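Dear colleague,

Please find the structure below for your records. My notes on what was found in it follow directly after.

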Amino acid sequence: MKLKGKYYLVYLVIMITFRGFGQISPGDLSEVHAHLEGISNCTLCHELGENVTNEKCLDCHQEVKSRIDQNQGYHVSSEVKGKTCASCHNDHHGKKFQIIRFDQDQFDHNLTGYQLVGAHESKKCDDCHKAEFITNQKIKEKKFSFLGLNTACLSCHDDYHQKSLSENCTDCHNYDKFKPAPKFDHNTAKFVLVGKHIDVACEKCHPIATANEVKFQKFKGVEFQNCTNCHKDVHENKFGPDCKRCHTEESFFVLKSMDRFDHSKTNFVLEGKHANLDCKKCHKTKYTDPIKHTRCTDCHVDYHEKQFVKNGVTPDCKDCHTVNSFEGSSFTIEKHNLSAFPLKGAHQATPCFVCHLKDNKWKFRPIGLNCNDCHEDIHKDYINTKFYPEANCSTCHSEESWRIIQFDHDKTKFELLGAHRNQTCRVCHFKGSTTEVRKQNFKGMSTDCASCHTDTHAGQFEKDGKTDCSRCHINENWKPEKFNHDNTRFALDGRHADVACYKCHKELVVNDKKVVQYKLEEFKCENCHH
């Protein structure tokens, strides 16, 4: 029969009176509760006349009460909920009694609210439930407890990343092992891995550093704004630090469109025709492979087939041509004048192809230095070579113009006098009308006036088959200044001396041509006077 209230207290007093200070409990308390020994402490766990209540237990075990209040942990699981504390943790079985007793090997940790997965499954309880991992100081002071652990990874594991990354390790890692970090997605980082970067080992970009005297791999704070943060700039900053302007992440040797590439920053500025060339015309293999470019012939075939080699040295194309086109030449007259054939007069205005384009092939050396190497000698077989040795046209002609003649006619049998000096060579030496082929005549020409001039007197003054104009005329003009009427059969005297010639010498028509009659048969007065 149970005693209640004050009767139970009276019962205890009587028992103490009769038994002295003897033990009235079922047995000694366990070591963890040993500090509660004594009749004055009974009500800390027991209600008067009642068994131990959960409320009394939780008054002391506040950490458990807190978990229950939060509906967390093993004590709110389906296996425990509704049970009294004493049903599992009863006492008074002696100091060495283990008040917390269960089969650790068969314990279902899922009931705690923290599921053991991966590598945690193989761990023993005391691998994790030890004082050094307990954050609650009161619990930590106990000899042993399954309470006080935090589910945060860093409550048990060292922070390898030295607070540089999230404290929630499961953001990147799983429970199987720390390496690799299968849940980490580099696409969520500020630097997304594409191309060759996908295959690069982490340590290539994330070096081992030291913080708090502990080595760790640096993942956060790695510079990546420029490619040169990781890669050596083989171009030595000629093109700036942004490699991706030209290169792709698939390979350094796979380039983007070169439209934006500024070739002027290289040692070879693209100008003229070079500006529109496809890059592969010059860069046959890799763009990064060095190519010779100091001379035009490093890329271009010597079209002139070494015609200009002198003392083993070939001048470069740019000495004569520009990058705008091979057509035409920038070879100046001044440069040409340093050659064996200085350009003078009309030669300065002569296009290059006139002399140098032979049979649709450009020829420069040797093409000859003499006039007839380029010009046809039209006087061959017509003029005695003594007047122009070695077919040297400059003996007579000027380089200013073919029409300027400087031949000394006095060296011939016919000295030029008077008006003859004002005549061109063609007047005497080229026969034929403008519509006919003009034939030149130099050698064997007659010096008779009639060989060039028409006898307007119709043979009236012919003597021994020739008409010598110089008997009356001079070379300065056609006036008969040398004619003396006194030497004729009719000397002019008296009033006759003042009579105009035409008064006596009338025009006649001879062979359909008008001719002045100078030779008169009779000199009777009535022949003129009526």
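P180 lies in the loop that runs between helix 5 (137–140) and helix 6 (202–205); helices here are DSSP runs of H or I with at least four residues, strands are runs of E with at least two, and both are numbered from the N terminus. The peptide bond leading from K179 into P180 is cis, with omega near -10°. A cis peptide bond also joins R365 and P366, where omega is about -20°. P366 is placed in the loop between strand 4 (361–362) and strand 5 (397–398).

Please note that this is a predicted model, in which local features need pLDDT of at least 70 and side-chain atom pairs count only at pLDDT 80 or more, while totals for chains, interfaces and linings use all residues. Residues are numbered from 1 along each chain as its sequence is written, and side-chain values use heavy atoms, with hydrogens and water left out.

The chain contains 11 helices and 10 strands. Its radius of gyration, taken over C-alpha atoms, is 66 Å, well over the 24 Å that the globule rule gives for 530 residues, so the chain is more spread out than a compact globule; the rule is 2.2 Å times the number of residues to the power 0.38. The C-alpha trace spans about 220 × 55 × 35 Å along its principal axes. Of the 530 residues, 17% count as buried, that is, under 20% relative accessible area, with exposed meaning over 50% and partly exposed in between (1.4 Å probe, protein chains only).

The loop between strand 2 (214–217) and helix 7 (333–336) holds H304. H304 counts as buried because its relative accessibility is 14%. Leaving aside neighbours within four places in sequence, H304 is in contact (heavy atoms within 4.5 Å) with H321, W362 and F364. E305 is placed in the loop between strand 2 and helix 7, and counts as exposed at 57% relative accessibility. Phi of E305 is near 50°, a positive value in a residue other than glycine. N237, found in the loop between strand 2 and helix 7, has a positive phi of about 65° although it is not a glycine.

As to the cysteines, the structure holds 0 disulfides, a disulfide being a pair of cysteine sulfur atoms within 2.5 Å. The sulfur of C449 has its closest cysteine sulfur in C469, at 3.8 Å, which is too far for a bond. C449 counts as partly exposed, at 23% relative accessibility.

With kind regards
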